[in-house]
Structures are given as C-alpha cells and as structure tokens.
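This report looks at side-chain contacts. The sequence and structure come before the text.

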Amino acid sequence: MCGIVGYTGGHQAAPILLDGLSRLEYRGYDSAGLAVRNGESLAEVVKATGKLYHLADKTDQGRSLIGTCGIGHTRWATHGDPSVTNAHPHVSGNCTGSGSGAVESDVVGVHNGIIENFAELKEKLLHHGYQFYSDTDTEVVVKLVDYYYKKYKIGPIDAITRTMVRVRGSYALALMFRDYPGEIFAARKDSPLIIGTADEAAYLASDVPAILKYTRQVYYIDNLQAARIAPGSVKFYDLNGDEVSLPLTEITWDAAAAEKGGYEHFMLKEIHEQPTAVRDTLNSLVKDGQIDLSATGLTDDVIGSLTQVDIVACGSAWHVGMAAQYVIEDLVKLPVRVELASEFRYRSIPMPGNTLVIVISQSGETADSLAALRVAKERGATTLAVVNVVGSTIAREADHVLYTLAGPEIAVATTKAYSAQLAALDVLAVQMAFLRGTVSGDQYTHLLEELATIPDKIRRVLEDKERLQWFSSKIVNAHDIFFIGRGLDYAISLEGSLKMKEISYIHSEAYAAGELKHGTISLIENNTLVIGVLTQSQLFEKTVSNMVECKSRGAYLMGITTNGNFAVEDSVNFTVYVPRTDEHFVSSLAVIPLQLLAYYTSVNRGLDVDKPRNLAKSVTVE
Ligand code: F6R
C-alpha cells in the first residue's frame, strides 16, 4: 500500500524514481507523483492520477524533470479521494492549487501509513497560519515538520524527531528540505522503508525490488528511527536525535526474480516458481534427512513444553493456518486455534500455559498481523513469525523467525509465498510431532520423504495447465462459484475461492461441505459451478455425496482429487487429478489447479491479473 522511492547521486533522478515506482506498482495505487531538485533550485513537483504511465508521460519519461535528488510516491488513497491534489509529494508552503510545479516550500515530502491524530494537528497548524490544499494526513505531517523546523530553528533531524513524538499512527516518510540540497531525510514507524547505498549514491524505497537494479547493500531502518541520506552517506538517528548505527545487509535475491522473465504476468511466473519456492524452503529446514530449526531459535525444550498453538494471519496466510491446523492436530495432538489477525487483536483470548503464537505473513508488514503479534507478546506467549520478506517488521519483532524462501512475490494474489508457507508449517508440524513423541522415527522418515517429493509433484500438476485454461473459458461468465471440501480440503477450498474472487471478480464462496445443507444449498441453481476438493480418503465419499446433492439441484461440478480416484468421474462433469502423496501434504498439490483456474479466468475476462482493483499487496493500514 503506497510505494515510496528516493534517490540522490550523480544521475538524473526522475527516470530512476519512475523505474523504482514501476517495481512497486504491485503494492497497489491510484495516483503517483515525483519531486526532484536540481542543486539549490526549488523542488519541482509533478503528480498524476491513475497508472504510472500518466506520470511518465507528463515528465517525458522523467527526462523533463532536471535534478539529481528526488523522491517519488504511488498513493493508495486513505484520507481524501484519488486526485492530483491529494497525490503525493506534499509541500509545506501555503500554495494554492494542487501543490505542483516549482514549489516555494521549505519541506517537500511523501508518506506511507496513516496519521491517526491528523485532524487535531491540522487544527493546531491552522491556528498558526498554515493553509491546506489537500485532504491528506500527509500534508499535515509535512507542515508539522516545517512548523518545528522554523519555530525552533533546528535542523531537519530534530524537526523530524519532534514530529515523530507528536504524531500517532504509522509512517514511512521521505522529506527534502530546501536548505539541504542533495539530501533526503526519512523516518519510519510501522510502515516499511529500506535505504540502499552505493558509491556516490543513496536510495530509499518501500521494498527491495525498487532498488535491486542499483544496489544490494541495504539498511532496514528501525521503528521510530530517522535517517539522513546523501550521495554515498547514510546516517541514522533515534528519537532523541542521537546518531545510532545499523547493520548493512546484503540482498541475495536474484534481480531476475523481480522481473516477469518472459511470462505474461507475474502471477503466472510465480505459479511456475512454486516447485523452487517449496524446494528452497524445505531445503533450508531439512538437512541430511533431519529437520533443523536452529536458524529459528526454537529449541527442543520450547517445542516440548508447548500446551497450545495459536495461528494468526490474514487472507491467504490465514488459509495456510487453517490447513496447518488439521496437520498439527493430527500429527502433534496439540490444541490449535486459527484466528484472523484483525479479530484476534481486539479479543481477550486467554493464553494458558505455554502457548506458541505463529504469525504467518508474506510481507511481514501486514498491520493487523503485526498488531496481533504485539498482543500475543504482551500476553506472554512465545511468538514465531513465518515470513517471506527478510528484515520486515514482523520478522524483527517476533521471538523466533522462520523465513520462507519464495523470493520476491510481485503479483497481488499470492501463490508461491502461500505454497512456501504451507511447506514451512508442514515441516514444523512434523518436527513438533517427532520431538513430542506423537510420531515414530519411521513415520518421521516417511513424512520427510513425502515432503521432499512435493516440489516435483507440483511441477507435474503444472504440466496439466492447458486443461484448466480450457475449462476456465467455459466458466468465464459464471456469476457464482462454490468451493467445497471437508477437513484439509475445506482449507484448500477457502484459498481456491479467494484466488478466484480476488482476480476474476466472480463471486465465490468456500464452504465446509457438510454445511451446505444448513442454508447455502438454496443458492444452487441451474449451472451454478460447484468445485469439490476431494483429496482426503476418509472424507471423499461424504463430499462426493454433497456434490451430487448440488448436481441434482442443477449444479455443474468440477472435482479435484488424487490419481486413481477415477470413480469420481461418474459423478462430476470435469475432474482434475493431482499425484498421490501423504494426505497431510496433498493440499500443496490440490491448490495448484485452483490457482491456475483463477489465473486463466481472470485473463479470459480481460482483467488486470497482477493488480486487481482495490487491492494492495501489502496491507500496512488497518
Ligand atoms: C491473497 C493475498 C492476501 C494476503 C494477505 C496477507 O491472494 O495475497 O490475502 O495473503 O493480505 O498478507 P501477508 O501474507 O503479507 O501478511
């Protein structure tokens, strides 16, 4: 949600900023803007609504904005509608109009996050003679910095830290001060921000892909820290304005991982990267036939003493939790509770004994998941983050971190991160079961051998994609789709339904198959598509019966089952088979056809697959 970039160095800034913003498009946005300075000159601000190419067109691909220091922003509207006036950058001056052009302002800034007390601060600033041209909370912060800067005649860092003390909410801020040409100042609380360095240049961004082309040396600025950035020099400060040092991290991602690599969409590329994402994640946790969780810091003693597991996450990551619940309950025999982070954070859930709270998040920045993690820590639980983005806030704040190795995920709809999370949770379940004696040594070996086959089996499922492409053309005009299953198959149905609705905009629902009769079946009409997931042998017959009940009310049926269950073809209209595997792990295979079906349906409907409307990749606001 919102993307920030910054550059200062020897090259023209605007093309670099536009390139960086294009790599943050996946975060979701509705308008964009740049502010660039040429030496001592005033900052030139250009903004545009809609897609980034409008901003690129307005600036002749950045060439018409002269200057070597600048900041850029893609905005996902929170305060105020998506308009040029509300687009960032915002300026401190009492300008009329939209705050664009060469601006007579001492401070120019961009912001990601939400300032909760902006109305109260705006009142204060109005009282001190400031005028406002936009509806945004960002304009208020920029003006507040300007106010402290002038009132106390202090430097930018002191003005920023005073502002940080005064505002409530979340922010990643990048600011330029008229008196400090060639420098960018930044601050962060609960919104992502990284700073990259290179010879005679420095970069700033919401996420690594924006700067990966230019540098791999990055700093993860901490919560409540500020930074001063000049070509080849970066300094960090705490809330008192005292300089602090931060470790420099080398990004090891392959730069090509953040490119489409010949695929039409990032989502399709990422679907195809799943064998690698799962294999890399498994290989990082299983060494020489033994699970090794030492990198997470979770000791055998901690695992042995657990009395309960709570899994907290949002969206697809929550669906991973739902699947893991069945696996952990069955293998480890521990009570497991799976909660939506947005609910968990406001409930008074007791955490008796030794509870392990597992927070699952691709981005590691989801506001609700982060808040849930903090609540769990306050209540004394041991916390484990299962996160994909290294150095993200959730990863840094949890007691233990298990990194999934899915690489950068750009498409808004998650696929490879989901699969990597599923694999990570499966490994965790097997290790917990082994350490707690609920599986034998032989079962442990068998489970690990089965897990090791998953990447290749995913690859085999992907080979069947043309049939799903064909089937998607049949359902392209569907109004409603129901996904049903029991047990683990229900967890997969939840994910299949979300994938479908978020990128195809076709209404869909997932139901535990046994629930249909309690209301939902009244929605079944002639040709309503019902997709049954049928991978759990004990529950197979029951779900087939539920599907047949739908068919007798006119439904059109698709089934996903494991190889060999050919009898299903007597009941359903279209069947997809996935390779046989241990039933605890078969969800990793069953989800793939559902991802492909959603993908091709979105393509067939001519939609923006990678950036579905109204959605953002990383939901950093509540
Ligand atoms: C759906 C999807 C979202 C995310 C959710 C959590 O395809 O990607 O539902 O799973 O927003 O995001 P993270 O995992 O970054 O916390």
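What follows describes salt bridges, aromatic pairs and charges placed over rings in a predicted model.

## Salt bridges

Across the whole structure, a search finds 27 salt bridges. One of them joins the side chains of K416 and E273, with N and O 2.7 Å apart. K416 belongs to helix 13 (residues 416-435), while E273 sits in the loop between helix 6 (266-272) and helix 7 (274-285), so this pair ties together parts that are 143 residues apart in sequence. K416 and E273 are both buried.

K499 pairs with E495, and their closest N and O atoms are 2.7 Å apart. Helix 16 (residues 488-504) holds both K499 and E495, which are four residues apart, or about one turn of the helix. Each of these two residues, K499 and E495, is buried. Elsewhere, salt bridges with shared partners connect K189, D190, R374 and E397 in one network.

## A partly exposed salt bridge

The side chains of D60 and R63 also form a salt bridge, at 3.1 Å from N to O. D60 has 40% relative accessibility, so D60 counts as partly exposed. R63, at 49%, therefore counts as partly exposed as well.

## Aromatic pairs

The search of the whole structure also gives 18 aromatic pairs. F177 and F185 are both buried.

F434 and Y444 make a stacked pair, because their ring centres are 4.0 Å apart and their planes are at 20 degrees. This pair links distant parts of the chain: F434 is in helix 13 and Y444 in helix 14 (residues 441-462), ten residues apart. F434 has a relative accessible area of 32% and is partly exposed, whereas Y444, at 4% relative accessibility, counts as buried.

## A tyrosine cluster and charges over rings

Y130, Y147, Y148 and Y152 are linked into a cluster by ring pairs. Y152 has a further contact: the charged end of R162 sits over the ring of Y152, 3.9 Å from its centre. Another charge over a ring involves K143, which lies over the face of F132 at 4.9 Å from the ring centre.

Methods:
Residues numbered from 1 in each chain as written. Predicted model: local features only at pLDDT ≥ 70, side-chain atom pairs only at ≥ 80, totals over all residues. Heavy atoms only, no water. Salt bridge = Lys/Arg side-chain N within 4 Å of Asp/Glu carboxyl O. Buried < 20%, exposed > 50% of the residue type's maximum accessible area, 1.4 Å probe, protein only. Helix = DSSP H or I, 4+ residues; strand = E, 2+ residues; numbered from the N terminus. Phe/Tyr/Trp six-rings, centres within 6.5 Å; stacked < 30°, edge-to-face > 60°. Lys NZ or Arg CZ within 6 Å of the ring centre and 35° of its normal.
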